[in-house]
Amino acid sequence: MSDTSTTTIESSNVTPEALAHLGEGHIAYVKQVRSEDVPDLFPQAPKIAPGLKLFALHAADGTPIMLTDSREAAIANAWSNELQAVSVH
């Protein structure tokens, strides 16, 4: 019989700094964004026509990694960088 123990951390014990680093280097998230929001997320991006639905890949700490027109491409980029992609709704 194996011992299956779990660790529970109470939210009052987690500092904002520790939470910000959770998943760093291992997790990235995919979020659908509007083309109107691109200049705020990716200031270096060229102008994009308004009204488009795009997908942004972000590091666990919120740093934008890439912008694409398909969710699949964002996930593929995460995998190619050895990151586990999760979706944000």
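Let me start with a pairing: strand S2 and strand S3, residues 64-68, run antiparallel and are joined by four bridges. Two strands count as paired if DSSP finds at least two bridges between them. Helices (H or I, at least four residues) and strands (E, at least two) are DSSP runs, numbered from the N terminus.

A word on the source. This is a predicted model, in which local features need pLDDT of at least 70 and side-chain atom pairs count only at pLDDT 80 or more, while totals for chains, interfaces and linings use all residues. Residues are numbered from 1 along each chain as its sequence is written, and side-chain values use heavy atoms, with hydrogens and water left out.

Back to the strands. S2 and S3 form a hairpin with four residues between them. In the turn, Gly62 has a positive phi of about 95°. On its other pairing, S2 is joined to S1 by seven bridges, again antiparallel.

Which residues stand across from His58? In S1 the answer is Tyr29, and in S3 the bridge partner is Pro64. Is His58 buried or exposed? His58 has a relative accessible area of 4%, so it is buried; buried means under 20%, exposed over 50%, and partly exposed in between, with a 1.4 Å probe and protein chains only. Six of the seven residues of S2 are buried.

Contact here means heavy atoms within 4.5 Å. Leaving aside neighbours within four places in sequence, His58 is in contact with Ala28, Tyr29, Leu41, Thr63, Pro64 and Ile65. A polar atom of the His58 side chain also lies 3.1 Å from the backbone oxygen of Gly62, the turn residue with the positive phi.

Next, the core. A nonpolar core is a set of buried Ala, Val, Leu, Ile, Met, Phe, Trp, Tyr and Cys residues joined through side-chain atoms within 4.5 Å. The largest one has 10 residues, among them Val30, Phe55, Leu57 and Ile75. Strand S1 (27-34), strand S2 (53-59) and helix H3 (71-80) each give two or more residues to this core. H3 gives the largest share, three residues. Ile75 touches Val30 and Ala85, not counting residues up to four places away in sequence. There is also a second, separate core of five residues, including Val33 and Phe42.

Last, Trp79, which is in helix H3. Trp79 counts as exposed because its relative accessibility is 59%. Its C-alpha atom is 9.9 Å from that of Ile27, 52 residues apart along the chain.

Note on methods. Polar contact = N/O pair within 3.5 Å; in protein donor to acceptor, adjacent residues only side chain to side chain.
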